[in-house]
Amino acid sequence: MTHALEWPSLTCQWLPNIRETTGSSTREHSLLLGTHTTGEPNHLLVCTVHLPANNDTPIVVDSNSNNNSNSNNSNNNSAIHTLPASHYDEEKCEVGGFGFQHLGSSAATTTTTTTSNPQLDGVVEVKMKILHEGEVHRARYCPQDPFVIATKGPSNYVYIFDLSKHPSFPAAGPDESNTPKPNLVLGGHTKDGYGLSWSNHTKGHLISGSLDCTVCYWDIHHKPTSSTTSSSLIMDPICTFTGHTGPVEDVDWHKLDPHLIGSCGDDATVRLWDVRAAGGASSTASTTTTKEAHLISKAHDGDVHCLAFHPTNEFLLATGSADRSVVLWDMRNTKTRLQTLTGHNDQVFQVSWAPFNESILASCSADRRVNIWDLSRIGMEQTPEDAEDGPPELLFIHGGHTSKVNDFSWNGINPWTIASVSEDNVLQVWTMAEEIYADDEEESEDGDDDKEEEILREDEIE
């Protein structure tokens with residue numbers, strides 16, 4: 001599914017809430033987006049997208065079946081022909097997507113949809129617009145409270161918005177109500193940036209990376225400091241981590257260790273920090289630390305744009321760089337790389353682990369591609385013809401975008417579904433054809449051990 005946005009979005013994240021659609025085989029999912037306008041007010045956006053409940057959802061019926069069924073039995077299941085949501089489009093030469101055949105389709109056997117609201121399939125609708133100070137560089141929801149959103153923009157502040165306390169759309173007219181009104185402003189940085197990550201462990205704990213070469217750590221429920229005033233609503237960080245010698249491009253909070261965070265930047269380093277250096281949330285004064293828990297110097301041959309801790313393996317870390325590579329690291333031994341993934345032709349801007357399969361990783365790049373990597377395929381034998389398409393671990397290349405891909409997000413409800421946004425105003429929601437990944441899943445269910453075990457099992461890493 002391809003949707004043209006009014007303005008480009010630099011950020012993209014699925015929200016965890018879904019809504020069942022009455023009388024339809026689809027479910028309503030929500031997306032968190034932002035705007036990057038020219039001479040117009042910017043907004044934080046919440047959009048809804050209707051997706052099939054699963055890839056085998058009946059979509060169309062055979063027109064000839066009407067002649068063989070009673071008029072009072074229009075929903076006879078025997079008349080339904082299943083059209084998977086992930087299918088091959090011969091006209092576009094594309095695999096995957098949610099391009100449903102609607103009324104008026106040229107397909108010979110498709111004339112009517114089984115859903116009572118066929119117009120909902122694949123439709124993107126803006127449900128909420130909140131005024132934002134400048135373009136939205138990054139927006140992320142709090143895992144423990146999805147109504148709470150943190151954003152970064154062109155200013156040196158981090159903004160906190162509580163969706164439950166804002167109207168769906170800004171008031172009309174050039175009055176005071178049309179100025180951005182975040183519920184909380186977080187200070188500490190002196191420049192803007194992109195890195196932003198919430199703690200999965202403690203509600204309200206947030207870290208941010210900035211072009212000022214620092215990482216700031218806040219507890220948004222922390223007792224206000226002396227510099228916080230009721231008029232400005234600006235909260236100082238609990239701790240500021242210094243040590244990077246170049247802009248900090250990205251940050252991430254460890255998924256299993258509540259005290260470990262990571263940062264990467266233009267100094268080509270990856271730094272791991274212990275938030276306990278802040279002295280704990282009970283501290284009443286902001287602290288500064290320059291001592292990282294671990295340093296990976298010269299992690300890449302260029303700026304390190306992104307990093308992501310593995311959701312289930314406590315020692316596995318992925319990074320992406322301007323050198324066009326994605327690198328896997330064992331945090332117990334960072335003197336050598338665990339694996340280098342090559343397949344992009346330009347800078348890598350984002351990496352993200354799949355929430356449903358421990359061996360699946362995705363990355364996006366300025367080469368207009370979103371690559372899906374399967375670590376269980378590393379080391380597999382290839383024919384010369386297959387080798388021409390890339391290494392065995394490169395499972396799939398999404399080439400639907402025609403411009404730099406700014407951000408993407410795995411859908412936590414529908415496995416293998418991804419939303420991605422590019423700088424030419426395009427939002428795409430897509431999935432791979434089942435045939436691409438089905439064989440691997442069947443082998444995994446049968447307990448077939450392969451190269452993945454050599455990479456991911458902790459007792460095999462030294």
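1. Helices (H or I, at least four residues) and strands (E, at least two) are DSSP runs, numbered from the N terminus. On that basis, the protein chain has three helices and 35 strands.

2. A word on the ground rules, before the details. This is a predicted model, where local features need pLDDT of at least 70, side-chain atom pairs count only at pLDDT 80 or more, and totals for chains, interfaces and linings use all residues. Residues are numbered from 1 along each chain as its sequence is written, and side-chain values use heavy atoms, with hydrogens and water left out.

3. Of the 462 residues in the protein chain, 52% count as buried (under 20% relative accessible area, with exposed over 50% and partly exposed in between; 1.4 Å probe, protein chains only). Take contact as heavy atoms within 4.5 Å: among contacts between residues at least 6 apart in sequence, 57% join residues at least 24 apart.

4. Do have a look at His-244, in the loop between strand 19 (239-242) and strand 20 (248-253). Is His-244 buried or exposed? His-244 counts as buried because its relative accessibility is 7%. Leaving aside neighbours within four places in sequence, His-244 is in contact with residues including Cys-213, Cys-264, Arg-271 and Trp-273. The C-alpha atoms of His-244 and Asp-266 are separated by 8.5 Å, with the two residues 22 apart along the chain.

5. Glu-388 sits in the loop between helix 1 (384-387) and strand 32 (394-398), and counts as exposed because its relative accessibility is 69%.
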